[in-house]
Amino acid sequence: IKHPQTWIFYEKIDAIKFFQRYSAYPLVSKPNLGGGAEGVIFLNHYKQAKHIANKVFTQLKFYNPGIRRWRKYKHLFKYPVMEDPQRNYLIIQEFIQAKWEWRIIKIGKSYFGHQKLSDGHHFSGSGKVGWVKPPNELLLQTKYISEKSGIRAINVDYFETQKNEYLVNEIQTIWGGKLDYQMLINGEPCRYVEKD
């Protein structure tokens, strides 16, 4: 499955050594939970990456504040999410210059899909959606991932790169939506159904 290169660190020294050697900044730091780009941090240079590592991995055994995700409130302001701070791990992903992101959902034999458009910073959480027919290639790739993993209800987010390649950004088994539909074609809510 094609995806952005990803590194996971559980030790501060390993993360710092990686950040020192890495030369193709920016990088993307991601939490293991969250939605709408909560907790996603763009690391533009070594000093910023080292600062994140110092916050996540602490020398103090009795206290580690970690990194808190920030949630938007009606596009007015952000507030910190107090539960589940990120501590003692870093998920780092290479930065992909994507045109947009596709969300493909499979529930049983039903498929839904739409584009997530950028607000200039993020695709997730931008509130901007492209209601266009998803490529068949992504429906078939999602079917393949579902069958190989045994996950019958799955959400796969794909980056579409400037070179028209598709890369899996995230695979999720728990997700939500604010609308009662996840696909529109010609303005009509709809789905694809797998037959034969």
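Strands β2 and β3 pair in the antiparallel sense over 3 bridges, where two strands count as paired if DSSP finds at least two bridges between them. Within this pairing, S29 stands opposite I41 in β3. Helices (H or I, at least four residues) and strands (E, at least two) are DSSP runs, numbered from the N terminus. The model is a predicted one, so local features need pLDDT of at least 70 and side-chain atom pairs count only at pLDDT 80 or more, whereas totals for chains, interfaces and linings use all residues. Residues are numbered from 1 along each chain as its sequence is written, and side-chain values use heavy atoms, with hydrogens and water left out.

The β2 and β3 strands belong to an open sheet of 4 strands with the order β1-β6-β2-β3 and antiparallel pairing. Its edge strands are β1 (6-9) and β3, each of which pairs on one side only. On average, and with direction ignored, neighbouring strands of this sheet are turned by 30° against each other; axes are lines fitted to C-alpha atoms, for helices over the stretch in contact, and angles run from 0 to 180 degrees between N-to-C directions. Strands of a sheet pair through backbone hydrogen bonds, either parallel or antiparallel.

Strand β6 takes part in two of these pairings. With β1 the pairing is antiparallel over 4 bridges, and W7 stands opposite I92 in β6. With β2 the pairing is also antiparallel, over 4 bridges, and here K30 has I91 as its bridge partner in β6. Of the 5 residues of β6, 4 are buried, so the strand is largely enclosed by the rest of the structure. Buried means under 20% relative accessible area, exposed means over 50%, and partly exposed lies in between (1.4 Å probe, protein chains only).

Residue I91 lies in strand β6 (residues 90-94). Leaving aside neighbours within four places in sequence, I91 is in contact (heavy atoms within 4.5 Å) with T6, W7, I8, V28, S29, K30, P31 and N32. I91 and N32 are 59 residues apart along the chain, and their C-alpha atoms are separated by 7.6 Å.

Helix α2 lies across β2, β3 and β6 and runs at about 130° to β3. In this helix (residues 46-56), the residues A49, I52, A53 and V56 are buried. Seen down the axis of α2, the buried residues fall within an arc of 100°, so they line one face of the helix; the arc is that of the directions from the helix axis to the C-beta atoms. The buried residues of α2 pack against α1 (12-21), β2 (27-30), β3 (41-43) and β6.

Elsewhere in the chain, strand β7 (residues 98-107) is mostly covered, with 7 of its 10 residues buried. Strand β7 runs antiparallel to strand β10 (residues 153-161), to which it is joined by 9 bridges; in β10, E160 is the bridge partner of W100. Strand β7 also pairs in the antiparallel sense with strand β8 (residues 110-116), over 7 bridges, and R103 stands opposite H114 in β8. The β7 and β8 strands form a hairpin with 2 residues between them, and G108 in the turn has a positive phi of about 60°.

Helix α3 (residues 136-149) contains S146. This serine is buried, with a relative accessible area of 4%. Not counting residues up to four places away in sequence, S146 touches K106, I151, R152 and I154.

The second largest pocket holds about 150 Å³ of space. On a 1 Å grid over the protein atoms alone, a pocket is an open set of points where a 1.4 Å probe fits, with protein on both sides within 12 Å along at least five of seven lines, and lining residues have an atom within 4 Å of a point. Grid points are joined across faces, edges and corners, and a volume is the space filled by probe spheres set on the points. The lining consists of I1, K2, E137, L138, Q141, Y158, N164, E165, Y166 and V168. The elements that give two or more residues to this lining are α3 and β11 (166-172), and the largest share, 3 residues, comes from α3.

Overall, the protein chain has 3 helices and 14 strands. Buried residues make up 40% of its 196 residues. Among contacts between residues at least 6 apart in sequence, 59% join residues at least 24 apart.
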